[in-house]
Amino acid sequence: MSSDNTSDGEARERLIDMAAEFYDQFAEGDVPSMTLPTRSKSNIVFDDDAGVWVYGDRTSTRSANSVNGARKLLKAVYTIDFLAQQLDEDRSSTLRELYYLSESWGEEEAQFNDQSESDKLVEDLEIVSGVKREDFHMRPEESGAKVMGPLRIREQTNRGDREIHCQDDVGQGGYQIPNNPDTIEFLEHDVDFVLCVETGGMRDRLVENGFDDEYNALVVHLGGQPARATRRLTKRLHDELDLPVTVFTDGDPWSYRIFGSVSYGSIKSAHLSEYLATPEAQFIGIRPADIVEYDLPTDPLSDSDVNALESELEDPRFQSEFWTEQIELQLDIGKKAEQQALASRGLDFVTDTYLPERLTEMGIL
């Protein structure tokens with residue numbers, strides 16, 4: 001188990017401390033309130049020591065001095081009570097279940113209007129308490145992200161410990177990452193590097209072609225914007241096994257943000273950047289330069305693509321000579337390309353030529 005895990009007792013204590021603070025404010029004649037970092041791009045700052053983007057000093061206050069504010073604090077208290085009881089009973093639930101569970105709460109004003117509201121409240125409780133939702137026994141719906149490669153692990157499950165080899169003991173689909181990857185212990189491995197892959201189609205191509213076996217790669221399927229569990233496992237693989245981490249995505253602005261979330265964190269989870277982000281992660285492609293060099297099949301950039309690229313030129317996560325050059329090139333050519341566009345040069349091109357050449361250039365092979 002990782003030392004980053006918080007015990008059930010400590011997690012419950014911190015939840016109760018939050019609720020007790022509201023009561024203390026009442027007792028002292030103060031209007032109950034909760035202070036949180038302002039969650040916006042303008043309040044993201046670079047932490048030089050950690051090498052990740054975190055929330056800055058700007059804060060906002062949830063106060064019961066308005067009906068809307070009082071309603072939000074009421075929902076927080078009901079949620080704290082539910083989570084504390086869940087920890088007492090050693091149960092777990094999904095974020096979706098929490099939303100529906102609120103329908104059974106006796107106070108109608110405490111019920112959530114939609115799941116985005118309950119999701120955001122759980123994030124608020126994480127920030128204020130300093131405890132991750134995984135330690136509240138809260139999990140998202142299954143992300144389906146999987147890994148394939150020469151790694152043997154021990155996973156703690158509610159049915160006992162299981163030892164699994166992520167090639168020999170799994171089918172072609174790979175080993176599914178659990179909601180809380182800190183329940184995984186790394187036993188042994190022959191992995192030389194981690195290759196995070198955006199799309200399922202490309203992940204399947206790499207596995208079918210035996211790329212993980214030939215190059216001792218651990219192929220991690222990101223499944224689009226990667227879930228927290230995927231980013232946490234990736235960070236642990238780098239930090240604990242000293243493995244290089246590479247990220248292979250489509251060549252468009254939204255995919256560059258997938259790389260950004262793996263390497264530097266995201267606005268939504270900036271309070272967990274030191275736990276989730278891998279600043280040393282390197283971007284393989286698809287690069288705009290690849291579109292030109294390999295004459296890949298493309299689609300034209302949409303207006304939203306152009307706006308996103310222009311925004312990334314100002315995004316603190318992309319302030320490097322490499323990204324400035326690539327983004328300006330893409331704006332100039334007005335095109336984007338998918339990973340699977342490499343198939344225009346043959347089904348084996350990506351594993352026989354593209355990835356080996358890029359990985360050699362990067363000093364990984």
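Because the model is predicted, local features are reported at pLDDT of at least 70 and side-chain atom pairs at pLDDT 80 or more, whereas totals for chains, interfaces and linings use all residues. Residues are numbered from 1 along each chain as its sequence is written, and side-chain values use heavy atoms, with hydrogens and water left out.

The axes of helix α1 (residues 8-27) and helix α2 (residues 67-88) come within 9 Å and cross at roughly 155°, where axes are lines fitted to C-alpha atoms, for helices over the stretch in contact, and angles run from 0 to 180 degrees between N-to-C directions. Helices α1 and α2 are therefore roughly antiparallel to each other, on a scale in which angles under 35 degrees count as roughly parallel, over 145 as roughly antiparallel, 65 to 115 as roughly perpendicular and the rest as oblique. On the α1 side, the contact (heavy atoms within 4.5 Å) is made by D8, A11, R12, L15, I16, M18, A19 and F22, and on the α2 side by L73, V77, I80, L83, A84, L87 and D88. By class, this contact of α1 with α2 comprises 12 nonpolar, no polar and three charged residues, with Ala, Val, Leu, Ile, Met, Phe, Trp, Tyr, Cys and Pro counted as nonpolar, Asp, Glu, Lys and Arg as charged, and the others, Gly among them, as polar.

Within helix α5, R205 has a relative accessibility of 18% and so counts as buried, the classes being buried under 20% relative accessible area, exposed over 50% and partly exposed in between, with a 1.4 Å probe and protein chains only. Residues up to four places away in sequence not being counted, R205 touches L347 and V350.

The structure holds 17 aromatic pairs, for which rings of Phe, Tyr and Trp (its six-membered ring) must have centres within 6.5 Å, with planes under 30 degrees apart counting as stacked, over 60 as edge-to-face and the rest as tilted. The rings of Y256 and F283 have centres 5.8 Å apart and planes at 90°, so this pair is edge-to-face. Y256 belongs to helix α8 (residues 253-263) and F283 to strand β15 (residues 282-285), so that the pair links distant parts of the chain, 27 residues apart. Both Y256 and F283 are buried. F283 also forms an edge-to-face pair with F259, at 5.5 Å centre to centre and 65° between the planes. Since F259 lies in helix α8 and F283 in strand β15, the pair ties together parts that are 24 residues apart in sequence; F259, like F283, is buried. Ring pairs link Y256, F259, Y264, F283, F318, F322 and W323 into a cluster.

Several backbone features were also identified. A cis peptide bond, with omega about 10°, joins G285 and I286, and I286 is placed in the loop between β15 and α10 (288-293). H137, a residue other than glycine, has a positive phi near 65° and lies in the loop between α4 (115-129) and β6 (138-139); at 15% relative accessibility, H137 counts as buried. N216, likewise not a glycine, has a positive phi of about 50° in the loop between α6 (211-214) and β13 (217-221), and at 27% relative accessibility N216 counts as partly exposed.

In strand β8 (residues 151-157), I153 counts as buried at 1% relative accessibility. Leaving aside neighbours within four places in sequence, I153 is in contact with R162, E163, I164, C166, Y175, I184, E185, F186 and L187. The C-alpha atoms of I153 and I127, by contrast, are separated by 31 Å, the two residues being 26 apart along the chain.

Key. Helices (H or I, at least four residues) and strands (E, at least two) are DSSP runs, numbered from the N terminus.
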